[in-house]
Amino acid sequence: MRLFLERSLVDRHPLAVIVIAQLFGTSLWFSVNGVGLALSRDLGLTEVDLGRLTLSVQAGFILGTLTMAFTGLADRFRASRIFTVSALAGALANAGFVLVAELPAASLALRFATGLCLAGIYPLGMKLVIGWTPRHTGAALAWLVGMLTLGTALPHLLRGSTQGMAWEWPLLGASLLALAGGALILALGDGPHLPPPAGRTRLLDGLAALKKRNFRAVASGYFGHCWELYALWTLTPFLVAREVQRLEFSSHLIAWLSFAIIALGLAGCVIGGVLSRRLGSLRVARGALAASGLICLVYPLISWLSPILLLLLLGLWGMTVIADSPQFSALAATTAPQSRIGSTLAVMNAIGFALTIPAIALTTWLWSTQELWVLWWLLPGPSLGLWALSKSKNEKTRFVTEQP
């Protein structure tokens, strides 16, 4: 099996292996959100309860990425091994939620543990892409982040395809996918373009890139992007449910439509990756931030429009809200210390995802009273992100060639 993978996939399609493994591994992220409506019906969980479960994953991811950076794990050990172990542990934690879903403390703890494990999947997936495909990093990372997006949407697909079955089955399906993703990366191994494992590192090593003007601009833009993105993904089933109810359609459509809206982010990432080869990652990131920010601004103002039109607008939002993410990662990779790429990306992820916690908490808490107007609480993200990018140097080549 390993020999077959090495000859048919590793030698010719390593990027395909990485992005498929990323898709499978990140299905753990929103696995509970995919069955959120069923949990509300069967266990009596409220929007606030579901928000807390999501926040636990985010908190675990933040602590995990900071631990990666502080201990130097992201650069001291092989990325493929960290990815594999994390996928295995994450699959077990996610499956364990099935047994303790009715116990608030235990369910929160297991979602926190799932977030810890995701810290060894997402940033290390980016590092593996850089190790295997150092050229056209923006386009390659577009596929990786696209698969993260599809992985986020996958629980809704699993739920939609198991309508009539117990909510436990989609969760167990996500765990099986994570195990498959870990096996793929174990067979693949690290790429030939990564530096050898580094010595002991400190957290300050991961922050060193902030001394660079362009990196600070990119990181700040990424932070604004994070504020908007995960809160929108958390709210998507609620936004979809509103329009489905107005249409008087079956509630079974909520899972399918939520999947479609989030999954459209894959197309946004891929299109953005193609455009980045002609326009540069900086211009693509700015354009995506501006587009998603504009939709965020106008959506509550046009709530009276046809539900079909609003669902189409949600689809466009799903495309643009994530399209800038791989470009931010590509820009960060070009300006980070090459021997500390893993630690630098881990720290940037940690800070960005820390901002998702107040965004998710605020919007899920206010949804019951403000509904669509709660979306305006997301506007500071794209607004501040665009302001930060305006402080960067305009020359595209500086972002491509600048080395710390």
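In which hand does H14 cross H16? The crossing of H14 past H16 is right-handed. In a right-handed crossing the near helix is turned clockwise from the far one by less than a right angle, and in a left-handed one anticlockwise.

This is a predicted model, where local features need pLDDT of at least 70 and side-chain atom pairs count only at pLDDT 80 or more, while totals for chains, interfaces and linings use all residues. Residues are numbered from 1 along each chain as its sequence is written, and side-chain values use heavy atoms, with hydrogens and water left out.

Start with the whole chain. It has 20 helices and 0 strands. Both are DSSP runs, numbered from the N terminus: helices are H or I with at least four residues, strands are E with at least two. The protein chain holds 404 residues, and 59% of them count as buried. Buried means under 20% relative accessible area, exposed means over 50%, and partly exposed lies in between (1.4 Å probe, protein chains only).

Now return to the first pair. Helix H14 spans residues 253–279 and helix H16 spans residues 307–323. Their axes come within 7 Å and cross at roughly 45 degrees. Axes are lines fitted to C-alpha atoms, for helices over the stretch in contact, and angles run from 0 to 180 degrees between N-to-C directions. H14 is therefore oblique to H16. Angles under 35 degrees count as roughly parallel, over 145 as roughly antiparallel, 65 to 115 as roughly perpendicular, and the rest as oblique.

Which residues make the contact? H14 supplies residues including Leu 257, Ile 261 and Gly 265, and H16 supplies residues including Leu 311, Gly 318 and Met 319. Contact means heavy atoms within 4.5 Å. The contact of H14 with H16 has 11 nonpolar, 4 polar and no charged residues. Ala, Val, Leu, Ile, Met, Phe, Trp, Tyr, Cys and Pro count as nonpolar, Asp, Glu, Lys and Arg as charged, and the others, Gly among them, as polar.

Next, look at helix H13 (residues 213–247) and helix H19 (residues 380–390). Their axes come within 7 Å and cross at roughly 170 degrees. H13 and H19 are therefore roughly antiparallel to each other. Among the contact residues are Gly 221, His 225 and Trp 227 of H13, and Pro 380 and Gly 381 of H19. This contact has 7 nonpolar, 6 polar and 1 charged residues.

Finish at His 225, in helix H13. Is His 225 buried or exposed? His 225 is buried, with a relative accessible area of 1%. Beyond its neighbours within four places in sequence, His 225 is in contact with residues including Ile 322, Asp 324 and Gly 381.
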